[in-house]
Amino acid sequence: MKLTLSSVYRPHSFPKLLNCSSFGILGRPFCSSALSSSPTCVKPQVPLFLRPPIYSTKLCDLKKWHDWAKGVSLSIGSTFVQSDNGADSNMLCRELKWLMEDAVEDHSLGMEDDDRVKMRIDIEELYCLWTQRVQERRPFQYVVGCEHWRDLVLSVQEGVLIPRPETELVVDFVSDVVSENEDLRSGVWADLGTGSGALAIGICGVLGSEGGRVIATDLSPVAVAVATYNVQRYCLQDKIDLREGSWFEPLKDMEGKLAGLVSNPPYIPSEDISGLQAEVGRHEPRLALDGGIEGMDALHHLCVGAALMLKPGGFFAFETNGEQQCCALVDYIKSRSGRSFCNLEIRADFAGIQRFVIGFHQ
């Protein structure tokens, strides 16, 4: 099964372009306090919708850009779909609306063509961004610098995997188990390979203010910086501990103590990377995609480590590439660590594809 961005969505309805009072910014998270610096030397990019409107352009020039960008989008037709299941013209036109939504300050546009419009980005950069989107197949989420995931708006950029809707289900699995077990709710959880911090932040939400905390790890300094930015935007610095390092290495102090362990690891077989949708294969970090010859390297490592890191009764949930990997992973667990785990289950994603393996430590 190929990993694509075609199913990624933005759960908002957007107003008609270039209409009076038509530009509203994306909904803000619940914390608007100033962000502290990242623990790494990498400076995360500010999402477009959060940038100050320090630019301006004539309304006629904005309309000219929009007409050009729409024409480019319509010229694509179904070319990308036929090539690698990429976006069609309709999808690109929707993305164009979203880009306008993020780029233009919220105010009435019922004015003359020579009047100026407040912008969060220079008009020339808009031309550059849409050229990158269409000609280079740069993911739209990287263009605007964010992705909607569950009820969150997460910063993303090059070097960080864009969180998929399917991964949201991992948070639901955690919600189910902690609702029935106060010991798990109050314990320490780990999100390995956190990327943007999506799972760590989502799990904090279901643990609640009186619940436990989450340790989120990632080998990539860029991912740690971006995850830190997202954690700070949602004011969860006291609930989420970001640690840079490979898988379990930053968790040596937690052996046998974790209440839960989740991960969306790299699981694409190495030879399949070149055949991925261009937005994925060309732009998203290979470190977060390539799972080795069979795509199972990280999953095997996670299972072995989970047997050491989880406390008795601890829960785990891992995402895989699909049914074949799920079955292979369950067989691996039973053959290598069968006495360590119980209540193993394979769960389906939104499309009915068997994608997740969950279970408990004995």
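This is a predicted model: local features need pLDDT of at least 70, side-chain atom pairs count only at pLDDT 80 or more; totals for chains, interfaces and linings use all residues.
Local features need pLDDT of at least 70 and side-chain atom pairs count only at pLDDT 80 or more, while totals for chains, interfaces and linings use all residues. Residues are numbered from 1 along each chain as its sequence is written, and side-chain values use heavy atoms, with hydrogens and water left out.

Helices (H or I, at least four residues) and strands (E, at least two) are DSSP runs, numbered from the N terminus. Helix α12 covers residues 323-337, and its 15 residues reach 20 Å from first C-alpha to last. That is close to the expected 21 Å, taken as 1.5 Å times one less than the number of residues. Buried (under 20% relative accessible area, 1.4 Å probe, protein chains only; exposed is over 50%, partly exposed in between) applies here to Gln-325, Cys-326, Leu-329, Val-330, Tyr-332, Ile-333 and Ser-337. Down the axis, these residues fall within an arc of 160°, so they line one face of α12; the arc is that of the directions from the helix axis to the C-beta atoms. Gln-324, Lys-334 and Ser-335 sit exposed on the face turned away. Among the elements covering the buried residues (contact being heavy atoms within 4.5 Å) are α11, β9, β10 and β11.

Turning to the rings, those of Phe, Tyr and Trp (its six-membered ring) pair if their centres lie within 6.5 Å, with planes under 30 degrees apart stacked, over 60 edge-to-face and the rest tilted. The count comes to seven aromatic pairs. Phe-316 and Phe-318 make a tilted one, at 5.0 Å centre to centre and 35° between planes, and both are buried. Trp-189, Phe-315 and Phe-360 form one aromatic cluster.
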